[in-house]
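Please open the model in your viewer and keep a selection tool at hand. The stops below go from the whole chain to single residues.

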Amino acid sequence: MKKDIILAGVGGQGVLSIAAIIAQAALAEGLSVRQSEVHGMAQRGGAVLAHLRIADGMIPSDLVPQGGADLIISMEVLESLRYVPWLAPTGALVTAAEPVINIPDYPEVEEILKTIMAFPLYRIVAAAALAKEAGLARAVNMVMVGAASPFLPILEETLENTIAAQFAAKAPATAEANRQAFRLGRNAASLREVF
C-alpha cells in the first residue's frame, strides 16, 4: 500500500497542520511516513506546499513524483489547480471552495470550479461554512482533513483520535469543535460538490 499526497494552500490556512495530523494518524497505525514542506512567502499569503507519502513499507523519497499523487488536498481553489501536474490519472482532488484572492489577475472563480469539475474524482467543499457550523471558524483545515479522509489509508477513528489529542491542551470546546469540523468535512465528502 502506498498513498502519495500533495497538500496546498496559502500562508495561514493550516496546510502544515493538515500534513501533521495525517502523518501522526498514519504513524499511529504503524505505517511509514515521509514528508517534505515548501513554505514560499507563506507569511504574506504566498503558496504553501507539502508532500506527504504514506506506505506500509519503505518509502524511497520525501517528494511525490509528478503524475504520481493519489490525492491533492487544497485549502484554496486556485492552488489546487497549480499542482494538477502531480495528480495521477486515477487520483482525487479535494479542495475548499473558498478563494483567497491574493493576486490582481485572479481568475473567475466559476471558471476555476468548472475546471475542477472536469476531473473524474473531485470534491469541492464549503469548508468555511462547515467550520462555522462546527463552532470554530478557524477549523477549516480540520474540515478538509475530514473531506479527504475517505481517500486516505487511515481509519476514521484514528484520524479523529489524533485530532482530539492535538487539541487536548486547548479548551474542551475547541477540541470538540475541531472534531466536529472533521466529521462535517467527512460527511461533505459523500457528495460530489458542496458549495
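This is a predicted model: local features need pLDDT of at least 70, side-chain atom pairs count only at pLDDT 80 or more; totals for chains, interfaces and linings use all residues.

Residues are numbered from 1 along each chain as its sequence is written, and side-chain values use heavy atoms, with hydrogens and water left out.

**The whole chain**

Select the chain and colour it by secondary structure: there are seven helices and seven strands, where helices (H or I, at least four residues) and strands (E, at least two) are DSSP runs numbered from the N terminus. Followed along the sequence, these elements give the pattern β-α-β-β-β-α-β-α-β-α-α-α-α-β. The radius of gyration of the chain, at 15 Å, is close to the 16 Å that the globule rule gives for 195 residues, so the chain is as compact as a globular protein of that length; the radius is taken over C-alpha atoms, and the rule is 2.2 Å times the number of residues to the power 0.38.

Switch to a surface view next. The accessible surface of the chain comes to about 8800 Å², of which 55% belongs to carbon and sulfur atoms; such areas come from the Shrake-Rupley method with a 1.4 Å probe, and for residues only the protein chains shown count as cover. Of the 195 residues, 52% are buried, a class that means under 20% relative accessible area, with exposed meaning over 50% and partly exposed lying in between (1.4 Å probe, protein chains only). Among the contacts (heavy atoms within 4.5 Å) with a separation of 6 or more, 64% are between residues 24 or more positions apart.

**Salt bridges**

How many salt bridges does the structure hold? There are nine, each defined as a side-chain nitrogen of Lys or Arg within 4 Å of a carboxyl oxygen of Asp or Glu.

Select Arg-82 and Glu-79, which form a salt bridge with their closest N and O atoms 2.9 Å apart. Both lie in helix H2 (residues 77-82), three residues apart, about one turn of the helix. Arg-82 is partly exposed, with a relative accessible area of 47%, whereas Glu-79 is buried at 5%.

Move on to helix H3 (residues 109-117), where Lys-114 and Glu-111 also lie three residues apart, about one turn of the helix. Their closest N and O atoms are 3.4 Å apart in a salt bridge, and Glu-111 is partly exposed, with a relative accessible area of 42%.

Now select Arg-183 and Glu-160, whose side chains meet in a salt bridge (2.6 Å, N to O). This pair links distant parts of the chain, with Arg-183 in helix H7 (residues 172-188) and Glu-160 in helix H6 (residues 156-166), 23 residues apart. Arg-183 counts as partly exposed at 26% relative accessibility, while Glu-160 is buried, with a relative accessible area of 10%.

Leaving aside its neighbours within four places in sequence, Thr-162 is in contact with Ile-21, Gln-24 and Ala-25.

Then select helix H5 (residues 140-148), which is mostly covered: nine of its nine residues are buried. These buried residues include Asn-141, Met-142, Val-143 and Met-144.

**Two last residues**

Is Ser-74 buried or exposed? Ser-74, which you will find in strand S4 (residues 69-74), counts as buried at 0% relative accessibility. Beyond its neighbours within four places in sequence, Ser-74 has contacts that include Ala-8, Glu-79, Ser-80 and Met-144. A C-alpha to C-alpha distance drawn from Ser-74 to Val-143 gives 11 Å, for two residues 69 apart in sequence.

Finish at Arg-138, in the loop between helix H4 (127-134) and H5. Arg-138 counts as exposed at 67% relative accessibility, and Arg-138 and Ile-54 are 27 Å apart in space, C-alpha to C-alpha, and 84 residues apart in sequence.
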